[in-house]
Amino acid sequence: MSHRIIVGDSVAYSDSFLNRQNQYPSNMPSAQGKVKALHYLDKGIVLADIEWNKPGLPKRVNAKNLTRA
């Protein structure tokens with residue numbers, strides 16, 4: 001992730017994340033969302049609550065798997 005994700009950012013799944021996945025929902029590559037909250041966990045893990053424009057995607061995502069859209 002080249003830029004730090006913050007609340008209010010428009011985001012999408014990063015290409016590197018999508019490339020590492022063997023299977024993913026067909027709407028995942030084109031999905032865009034807005035960061036609603038961040039949760040800071042141990043060892044530098046940051047989870048982002050995302051409001052997606054596509055149905056069926058996880059509402060909470062590791063911020064390292066996102067990029068600004």
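**Note on the predicted model**

1. N65 sits in the loop between strand 4 and strand 5 (66-68). Strands (E, at least two residues) and helices (H or I, at least four) are DSSP runs, numbered from the N terminus. This is a predicted model: local features need pLDDT of at least 70, side-chain atom pairs count only at pLDDT 80 or more, and totals for chains, interfaces and linings use all residues. Residues are numbered from 1 along each chain as its sequence is written, and side-chain values use heavy atoms, with hydrogens and water left out.

2. Is N65 buried or exposed? N65 is buried, at a relative accessible area of 10%. Buried means under 20% relative accessible area, exposed over 50%, and partly exposed in between (1.4 Å probe, protein chains only). Neighbours within four places in sequence aside, N65 is in contact (heavy atoms within 4.5 Å) with A12, Y13, S14, F17 and R20.

3. Now the core. The largest nonpolar core has 17 residues, and Y13, V35, I50, W52 and L66 touch the most other members. Strand 1 (10-13), helix 1 (15-20), strand 2 (33-40) and strand 3 (46-52) each supply at least two of its residues. Strand 3 gives the most, with 4 residues. Such a core is a set of buried Ala, Val, Leu, Ile, Met, Phe, Trp, Tyr and Cys residues joined through side-chain atoms within 4.5 Å.

4. Strand 3 is largely enclosed by the rest of the structure, because 5 of its 7 residues are buried. Strand 3 pairs with strand 2 in the antiparallel sense over 7 bridges; pairing requires at least two DSSP bridges between the strands. L38 has A48 in strand 3 as its bridge partner.

5. D49 counts as buried at 18% relative accessibility, while R60 counts as partly exposed at 46%.

6. How many salt bridges are there? The count comes to 2, where a side-chain nitrogen of Lys or Arg must lie within 4 Å of a carboxyl oxygen of Asp or Glu. One of them joins R68 to D9, the closest N and O atoms being 3.1 Å apart. R68 lies in strand 5 and D9 in the segment before strand 1, so the pair ties together parts 59 residues apart in sequence. D9 is buried at 11%; R68 is partly exposed at 40%.
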